[in-house]
Amino acid sequence: MTAVGAAGVRPRPRRGWLGTLASTDHKALGAGLFTTAFGFFLAAGVLALLMRFELARPRLQLMTLHGYDELFTLHGSTMFYLFATPVALASGVYLVPLQIGAARLRWARVALAGWWMVIAGGLIMWMGFLTAQGAADVGWYSYWPLSDMPNSPGIGTDYWIVGILLAASAAILIAACVLATIVTLRAPGMTMLRLPVFTWTMVVTCLMVLTAFPALVVAMGLLLAQRQLGGVFSGASGAFDYQHLFWFFGHPVVYVVFFPFVGAIAEAIAIFSGRRWFGYRPFVLSLLLFAALSMSVWGHHMFTTSAVENRYFSLTSTALLVPAGIEYFDALATMWRGRIRFATPLLFALGFLVLFVIGGTTGIFVGSPPLDYHVTDSYFIVAHFHYTLFGGSVMGLFAAVYLWWPKVTGTLLSERLGRWHFWLTMVGMNVTFFPLFFLGWEGMPRRVADYPRSSGWETLNAVSSAGSALLLISLLVFLLNVARSLRRRVPAGPDPWGGQTLEWATSSPPPPENFPAPLPPVRSFAPLQDLREAAS
Amino acid sequence: MRRAGYVAGVTDTRHEYDTLAGLYVPIGAAVVLLVALLVVAFAWRYRARPDDPDEQRRPSRIHRAPRTEALYVLVLACVAALLLWRTYTVEGRTDHAASGRGLGVLVTASKWHWRFDYPRLRIVQRGTDDAPPTLVVPARRTIDFTLRSLDVIHAFWIPDRRFKRDATPGFVSSFSLVFPRTGFWRYGGECSEYCGLRHTWMKFHVAVVSPAAFARWTRARQGGAA
């Protein structure tokens, strides 16, 4: 539904922030959800900085043990439930209708409700800090029985569960809207095998949300019932059931928050190489294979439980290197014999390629049970998933922001500040997270606020903490760039980069109906590139 | 005859880990370096030179190479198969359950300390929240561990042995380790599954002693307990 009301009367569009909060225009909604999620990213980042300050030296300096437990719980939970998932879906809400030549988002009011639920869920989760016993302190996967009432009696944990229930349900609703838009609102000529690369990554993202997130809703619902009423989980089978339920969601979510940014870097690499994306069909196939495998690897989080068939989950996890390898092949082949321009979105895309492969190969490493026995639940794992989530998702997110900022706001960002932002992030990221591989290998467990002086871990921890300060600076440079761009308003024009897909065929920012002029013909997944190649 | 790292037919988990990691780490490092190298090389080689009047280059319009890609997928599949074959082989050795012929040690984890029972020797090493216990074991002898938890999920990790196992309440898990070198590892054992407030400090020491010293320790402990 667009802005047409139930009685068919077009209501007067409201202005101001209240108007934005009530808008069913997918662009206002996408930008609003994106901004909300980015706010949670900054908040969770502050928690991470506090943790790195605490860990810079042995002993407790800043906080109590309990305070530290609250920090890592809210850091991980906020990052996954309130930042990464919403920001991934927000990118789809904004861009998918534009990429497929649609005027609107299907079921936009449902998606709007989703945005409100993310805000409400986030506020409820963080309200835990105001309660007497503090915020949730059970870790982002909150294993039962630790998360049961006798072990974690704080009401902050109940708030946290309710917050996740809202955010997870919101993700399901929004994913349904995006997927329905792709299935039903494509422009004439836009077959499924002419969807832009980014839109294809949103298809698999939505499929994974729709299949995996219900397991999270069930897990959290049961956990809440167990805490308030009891009788749901018991004994060892209860502990294992919870883990199965949680990781059935908990692994696909990693790809949910990753794939849209694979799509973003793919668009960036294609545009700034002056070539269309290489190997479109194998790429689409690899995405679908990736999504299918993602639903069958959850047991690798349970290798050390003695309660799963390790060899099966090792097989499915190791098999992931095949679709991942295809994606790298296509990225490099797109650059091959291109005409490469070093704009900021491309820098972040190339940074993504180099950093994510470290997260990916260490992921294959921990997919081997005898190796996982040593490094799981250690800082090695922390390093591994920060290379995938920060080196992958966040670098890809910034590639997306720099690529589409001119489209969304109609103004340009500073390339000079963008380069500073990129290099500070690259250096800060590696200085922060690379030492953690060694700390984990040497035996430092995750989720500890202190470590023995005799351990020899002081230097690596200090280096990592120094790196996190660099990441803070890099983020401030980014915020400065955003503020300058919004104040100076250097007009971007409809297509500042030489874009290849339909969103670059309309003005920046796009008008409410998206495409007032007739659409260019759609004969491939890169219609504007078709026109450009036909002309030269 | 004894090979380096092997102790009389018993699985040395650290040796197995190092062997397997010796396959994974070089392959992983090579892949990372290759990707980084190709990214930098392509970015440099194919960079646009708008200031160069001689540059008349048009970007390539080749967008698919199905045979090359299929061949490449075959290579990837072979790499995956190699890694899995080695993983399965090693896992078979690391995972074998308690033999029953070694020295039995019952490990009990509870918030937030460890306890080690040597049932046949009638010895108990009991830790408290403030004083971690010491796991005393004879060198080069199989230790058959039985692991349980009394409250929440903990995990028993001895980094030097490159091995950990979850302690799930209501579930008993068994595994065997061997400690080839004598020595004392201060905080050499840890809880690695987050288990609540004092998880940070839930550790134990590991003392690996010669068989003769272990016999002396056993007698002293039994005498002391009587």
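When I say contact, I mean heavy atoms within 4.5 Å. With that cut-off, 86 residues of chain A are in contact with 75 residues of chain B. Keep in mind that this is a predicted model.

Start with the interface. Its size is often given as the accessible area lost when the parts come together. Here, chain A and chain B bury about 6,800 Å² between them. Carbon and sulfur atoms account for 67% of that. Three residues to look at: A:Arg311, A:Arg339 and A:Tyr373. They supply 10% of the area that chain A buries against chain B, more than any other three residues.

The side chains of A:Arg311 and B:Glu91 make a salt bridge, at 3.3 Å, N to O.

Which elements of chain A touch chain B? Among those giving two or more residues are α3 (65-99), α11 (310-319), α13 (344-366) and α16 (415-442). The largest share comes from α12(A), with nine residues. By class, this side of chain A has 45 nonpolar, 25 polar and 16 charged residues.

Last, one helix pair inside chain A. The axes of α2 (residues 26-55) and α15 (residues 379-409) come within 14 Å and cross at roughly 145 degrees. The crossing is left-handed. From α2(A), the contact residues include A:Phe34, A:Phe38 and A:Phe41. From α15(A), they include A:Tyr379, A:Leu397 and A:Phe398. By class, that contact has nine nonpolar, no polar and one charged residues.

Key. Residues numbered from 1 in each chain as written. Chains lettered and ligands numbered in written order. Predicted model: local features only at pLDDT ≥ 70, side-chain atom pairs only at ≥ 80, totals over all residues. Heavy atoms only, no water. Buried area = accessible area lost by both parts, 1.4 Å probe. Salt bridge = Lys/Arg side-chain N within 4 Å of Asp/Glu carboxyl O. Helix = DSSP H or I, 4+ residues; strand = E, 2+ residues; numbered from the N terminus. Nonpolar A, V, L, I, M, F, W, Y, C, P; charged D, E, K, R; others polar. Axes fitted to C-alpha atoms, helices over the stretch in contact; angles between N-to-C directions. Left-handed = near helix turned anticlockwise from the far one by under 90°.
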